[in-house]
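I opened the model and went through it element by element. My entries follow.

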Amino acid sequence: MRTIIIGGVAGGMSAATRLRRLDESAEITVYERGPHVSYANCGLPYYVGGIITDRSQLLLQTPDSLHRRFRLDVRTGHEVVSIDPDLKLVTVVELATSTTSTEHYDTLILAVGAAARGEVTFGDIPTHTLRTVSDVDAITALLERDNGIRSALVIGGGFIGLEAAENLVSRGLHTSLVQRGPHILTPLDPEMTVPLESHLRAHGVDVHTSTVIDRVDGGIVHLSDGTSQQPDLIIDASGVRPQTTLALTAGLRLGPTGGIAVDAENRTSDANIFAVGDGVEKQDARTGEPTLVTMAGLANRHGRTTADVIAGVAETNAPSLGTAIVGVFDMVAAKVGASETELRAAGAPLRVIHTHPASHAGYYPGAEGMSMKLLVDPESDRILGAQIVGGSGVDKRIDIIAVAMTAGITASALAKLELAYAPQFGSAKDPINQLGYVADNLRTGATRSLQWHELEAARTSGATLIDVRSAGEYAAGSIPAAVNIPVDELRERLDELPAGPVIVHCQVGQRGHTAARILTQHGIDAVNLDGGFRTWAAGAQVREPAVNVV
Ligand code: FAD
């Protein structure tokens with residue numbers, strides 16, 4: 001039985017090595033059109049930045065090493081140009097010699113990944129994508145060639161665009177970033193990306209949101225926001241699309257997202273052809289609908305599943321949560337599941353929670369703040385998504401929520417998770433437990449909350465806003481027209497409250513919750529501004545990016 005695998009990186013090589021471990025007698029051939037297989041694409045930006053200094057560290061395997069250990073027949077520099085599913089043949093071109101051959105398969109795995117959205121050039125300005133070892137070879141050669149490369153323009157404020165910007169700054173380049181959408185990192189909600197955008201600017205990245213390249217005259221790039229740049233280098237990180245040309249030659253069915261449609265065993269519309277990785281639709285864990293998620297973990301896992309199925313082991317993919325993380329200049333942003341933007345667009349009923357805990361006990365040196373957002377189905381208490389932005393500890397909290405979502409642990413039940421604690425690692429009430437407490441209070445009705453973007457409408461309808469922070473905090477910056485009554489004085493000053501509903505807020509939401517409980521128990525209609533002043537201030541930046549909130 002011969003299995004041919006097209007594409008020799010994440011999905012393809014996971015399938016190949018797993019299949020060998022399961023079946024010593026299988027004939028396994030991998031065709032890879034590039035010069036390298038099994039390389040660390042996720043490490044590429046850090047090679048550009050000089051953090052990974054040894055290029056060979058990026059090359060995890062070679063055709064020789066894969067043959068020695070796994071007896072794989074790996075052919076680099078070989079492009080598969082068409083598939084004949086009836087005869088079970090692929091046509092392969094050896095690129096160095098342009099020699100064409102046809103090869104028979106019993107089972108075929110397409111692991112061809114995604115492609116940059118389009119080949120775009122900008123006059124004479126050197127422009128590169130950042131997707132392959134060859135890309136970073138070209139970029140680093142340019143950076144090292146002479147001292148002439150001083151500035152760069154990154155197109156795209158997604159995960160790879162941010163990593164590119166960080167690493168170009170590390171190389172001493174004046175770096176600008178243009179992002180078509182209104183905020184960077186589109187999978188996150190806008191108020192969560194505000195601190196990250198500020199952080200990028202503080203590190204010298206010139207961020208232009210809601211901006212595209214209008215035109216290029218000579219070496220000058222004119223942006224749609226009226227500014228212009230004269231970059232020595234452009235990195236195109238404007239996004240990818242599933243690579244489907246080959247699938248189309250075989251008449252394979254594409255799904256509604258434009259990716260190759262597969263079932264839970266990664267089988268395409270042709271029973272002998274499987275497909276995995278960035279070119280393939282995943283199943284969204286929340287909706288069950290097809291979705292595109294281009295992450296290495298999924299490509300690797302689905303490659304493994306495919307090998308199992310081919311070897312006769314009963315295995316299927318788990319649906320995808322879309323868990324992702326990025327680090328930029330020591331700030332970390334992570335997400336899992338759906339965003340508020342997506343859920344509201346889908347008309348999903350929603351409970352939103354913002355918290356701003358410390359990474360570990362505040363009294364132990366080195367605690368860092370983080371902003372957390374949890375999205376909950378108000379009927380079932382099911383966790384629909386989460387986002388966390390901060391420093392240390394973001395990674396473990398997003399992973400805990402990803403595990404909770406996989407296991408079906410509800411939002412309120414996060415309060416009950418027994419997590420490891422010593423002061424340098426967390427808190428006796430870990431940020432995850434705290435999210436659970438807030439979720440439980442909202443579920444049981446012990447507290448009610450209002451979102452930053454709902455405040456204006458609530459006040460227009462007659463609600464009074466009470467700032468329950470200290471007089472000093474209030475003086476340092478407050479929400480316009482908020483009345484300051486510190487929470488510790490609230491019981492004595494109830495008669496100062498006007499009739500009608502009251503919205504309370506503090507810095508991050510915790511004292512606001514206490515204040516709302518006091519008022520509610522005195523018969524006052526009180527809601528807490530979710531996430532307090534900090535979330536509101538981030539929201540104010542979203543509404544009016546130019547406004548500087550103290
Ligand atoms: P790929 O790994 O892209 O491999 C596809 C291969 O198929 C390519 O080598 C291509 O040359 C080959 N191929 C295509 N067509 C043919 C053909 N006709 N014939 C022969 N060969 C062909 N994911 C994360 O989860 N975390 C990260 O931190 C992260 N960072 C990333 C950073 C960068 C710079 C990049 C580019 C990606 C990053 N990713 C990250 C995404 C991750 O690398 C991809 O999700 C993963 O590599 C997809 O695996 P794949 O097998 O589908 O495709």
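**Notebook: helices, contacts and backbone**

I started with Ala458, which lies in helix 12 (residues 455-460). The model is predicted: local features need pLDDT of at least 70, side-chain atom pairs count only at pLDDT 80 or more, and totals for chains, interfaces and linings use all residues. Residues are numbered from 1 along each chain as its sequence is written, and side-chain values use heavy atoms, with hydrogens and water left out. Helices (H or I, at least four residues) and strands (E, at least two) are DSSP runs, numbered from the N terminus.

**Ala458**

I looked up its cover. Ala458 is buried, at a relative accessible area of 18%. The cut-offs, with a 1.4 Å probe and protein chains only, are under 20% for buried, over 50% for exposed, and partly exposed in between. I then listed contacts, meaning heavy atoms within 4.5 Å. Not counting residues up to four places away in sequence, Ala458 touches Leu450, Ala463 and Ile503. From Ala458 to Ile503 I read 45 residues in sequence and 8.5 Å in space, C-alpha to C-alpha.

**His104**

Next I went to strand 6 (residues 99-104), where His104 sits. His104 counts as partly exposed, at 39% relative accessibility. Leaving aside neighbours within four places in sequence, I found His104 in contact with Arg2, Ile4, Leu87, Lys88 and Leu89.

**Helix 14**

I compared length with expectation. Helix 14 (residues 510-521) has 12 residues, which at 1.5 Å a residue should span 16 Å; its end C-alpha atoms are 17 Å apart, which agrees. The expected span is 1.5 Å times one less than the number of residues. Which residues of helix 14 are buried? They are Gly512, Ala515, Ala516, Ile518 and Leu519. Seen down the axis of helix 14, these fall within an arc of 160°, so they line one face of the helix. The arc is that of the directions from the helix axis to the C-beta atoms. Strand 29 (502-505) and strand 30 (526-529) pack against the buried residues of helix 14. On the face turned away from the buried side I found the exposed residues Gln510 and Gln521. Just after helix 14, Gly523 has a positive phi of about 80°.

**Helix 5**

Helix 5 is mostly covered, with 9 of its 12 residues buried. Among the buried ones I noted Glu163, Glu166 and Asn167. Their cover includes helix 2 (44-48), helix 6 (190-202) and strand 10 (151-155). Just after helix 5, Gly172 takes a positive phi of about 85°.

**Helices 10 and 11**

I took this pair for its crossing. The axes of helix 10 (residues 394-407) and helix 11 (residues 431-444) come within 10 Å and cross at roughly 50°. Arg397, Ile400 and Ile401 in helix 10 meet Pro431, Ile432 and Leu435 in helix 11.

Leu185 has a phi near 50°, a positive value in a residue other than glycine. I placed Leu185 in the loop between strand 11 and helix 6. At 0% relative accessibility, Leu185 counts as buried. Ser210 also has a positive phi, near 50°. Ser210 is in the loop between strand 12 (206-208) and strand 13 (213-217). With a relative accessible area of 49%, Ser210 is partly exposed.

How values were computed: Axes are lines fitted to C-alpha atoms, for helices over the stretch in contact, and angles run from 0 to 180 degrees between N-to-C directions.
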